[in-house]
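Student: I would like to go through this model step by step, beginning with a single pair of residues and ending with the whole chain.

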Amino acid sequence: YIDGPAGVCLYRGYPVQELCEKAEALECAHLLLTGELPDMEQRFRFEAEIKKHMLVHEKIKAMYKNFTINAHPMAIMVAVVGGLSSIFSELDPTD
């Protein structure tokens with residue numbers, strides 16, 4: 001909710017400025033996914049679940065080595081996201 005003249009900017013009832021200043025990134029990610037800030041137990045479970053999936057595949061690391069130092073970041077991102085589909089194609093339900 002945004003009310004510019006009143007200086008109000010809320011996301012799901014939480015002041016955005018307060019979220020920026022006080023909430024951690026994973027707390028905000030939980031808020032975006034579930035609509036609620038996590039309590040301590042939910043936070044620890046969510047962080048553990050995220051950390052299980054944080055490893056970077058060696059093929060992804062190798063992709064980054066092929067770009068020149070002055071390559072545009074968006075070009076790199078597009079190429080790597082496209083490459084992800086070939087590495088993790090076993091997750092595609094249409095195959």
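Student: Which residue in β2 stands opposite Asp 3?

Tutor: This is a predicted model, in which local features need pLDDT of at least 70, side-chain atom pairs count only at pLDDT 80 or more, and totals for chains, interfaces and linings use all residues. Residues are numbered from 1 along each chain as its sequence is written, and side-chain values use heavy atoms, with hydrogens and water left out. β1 and β2 (residues 8–11) pair in the antiparallel sense over two bridges, where pairing requires that DSSP finds at least two bridges between the strands. In β2, the residue opposite Asp 3 is Val 8.

Student: Which are the edge strands of the sheet?

Tutor: Strands here are DSSP runs of E of at least two residues, and helices are runs of H or I of at least four, both numbered from the N terminus. Three strands form an open, antiparallel sheet in the order β1-β2-β3. Pairing on one side only marks the edge strands, β1 (2–3) and β3 (14–15).

Student: Why is the protein chain described as more spread out than a compact globule?

Tutor: From the N terminus on, its elements run β-β-β-α-α-α-α-α. The globule rule, 2.2 Å times the number of residues to the power 0.38, is set against a radius of gyration taken over C-alpha atoms. For 95 residues the rule gives 12 Å, and the chain is more spread out than a compact globule because its radius of gyration is well over that, at 19 Å.
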